[in-house]
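Reader: I would like to learn how to read a model of this kind, feature by feature. Could you take me through it, with the general idea before each case?

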Amino acid sequence: MAFSEAAHAAKPVGSDKGASTEQTGGGDGTGIYAAARITYSGSVAPNGASGNVTTADVNWTPPPCWYAPYLGAKDFKKKMSKDIERQLKTPGIGGTAGSALTELQRHYEDGYGWSDNPGYEDYNVDQDGEGMFWAGVENPNEPDVLKRSSCTDLPFWVDKGEAPPPRYEEAVTPEILAALAYQHMQLPDTEVTLAPEQTTKVNLPTWAWLDKSVFDDVQATAAINVPGFNIEATTTARPVSLTLEPGTDDAVTYPASGECTINDDDSIGEPYARGKGDRTPPCGITYLRSSGDGTYNLQATITWDISWTGTGGAGGDLPDGTFGNDQAVTVQEIQAVNR
């Protein structure tokens, strides 16, 4: 059973209202707001923006939409009945759209239902405070509008303390919150220490390292707290390796793969010190050609192992994340000295 889009009831909450995951339901002139705020804490991007983590799994994406607690029975009746009445009074409404609105009204007022979608008597007002209507919510950070607006089931009732019916696979869970925390996570800018710094010589090994003090775990938490429904998830990123891309094919990396793994003391590479000039660095680069009047764009990318834990002991792994910085490196020819 489906109603036409003219009823607007199947559109995700907050669509066309600039909704964000901070205020999942948005608001309108009635002053009624969705109760289900997703709040973010820890190392996250400001103002609900996406963070700077790039997932290593090209097939993994955060949820484009989900279902979450929306309004209690009395507030839902106030909003939905007003919307339906307004649309029924629209000049020229009729045909399929008019029938859909009438059936929608019967669904929430007169117990009219169908397979897997029981109807409601007077918007469940006699159960106000004992549960909430849930509705679809768009992820404003999802660029694909079709995916973002795909949670189109009609708002449905969930008793306090109960889980949504299994058919609502997109109903918000700690795992969904973990994916959203991942999407909003902000990893620290980390500049690799080089020796020589900024300017090096052709065929001279450049040492690269990261001190353990800049390599701490990073955490981000997403949570929903409404009456009878309180869940959260914390996503933790742990640095595991540094990958060097010299910015030119005329270079040799150490190790040959360019990936420097983390040491037992949580550092990466080895600091250069006097007397090591004739040694091969465990993590570094040798440039084979001068950069001329310009520079090479050295890309230093850290790979982070990402896991999550959530309400009820849930938890698991998420795809590795990466975040990198660019550093300009000048490479000069070694000048011969004539005597």
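Author: The protein has four helices and 16 strands, where helices (H or I, at least four residues) and strands (E, at least two) are DSSP runs numbered from the N terminus. This is a predicted model, in which local features need pLDDT of at least 70, side-chain atom pairs count only at pLDDT 80 or more, and totals for chains, interfaces and linings use all residues. Residues are numbered from 1 along each chain as its sequence is written, and side-chain values use heavy atoms, with hydrogens and water left out.

Reader: How many of the residues of strand β3 are buried?

Author: Buried means under 20% relative accessible area, exposed over 50%, and partly exposed in between (1.4 Å probe, protein chains only). In β3 (residues 65–71) seven of the seven residues are buried, so the strand is largely enclosed by the rest of the structure.

Reader: In which sense do β3 and β4 pair?

Author: Two strands pair if DSSP finds at least two bridges between them. Strand β3 and strand β4 (residues 131–138) are antiparallel, with six bridges, and leucine 71 has phenylalanine 133 of β4 as its bridge partner.

Reader: Is aspartate 189 buried or exposed, and what is it in contact with?

Author: Aspartate 189 counts as exposed because its relative accessibility is 63%, and it lies in the loop between α4 (174–184) and β6 (193–195). Leaving aside neighbours within four places in sequence, aspartate 189 is in contact (heavy atoms within 4.5 Å) with Phe323 and Asn325. Aspartate 189 and asparagine 325 are 136 residues apart in sequence, yet their C-alpha atoms are 7.1 Å apart in space.
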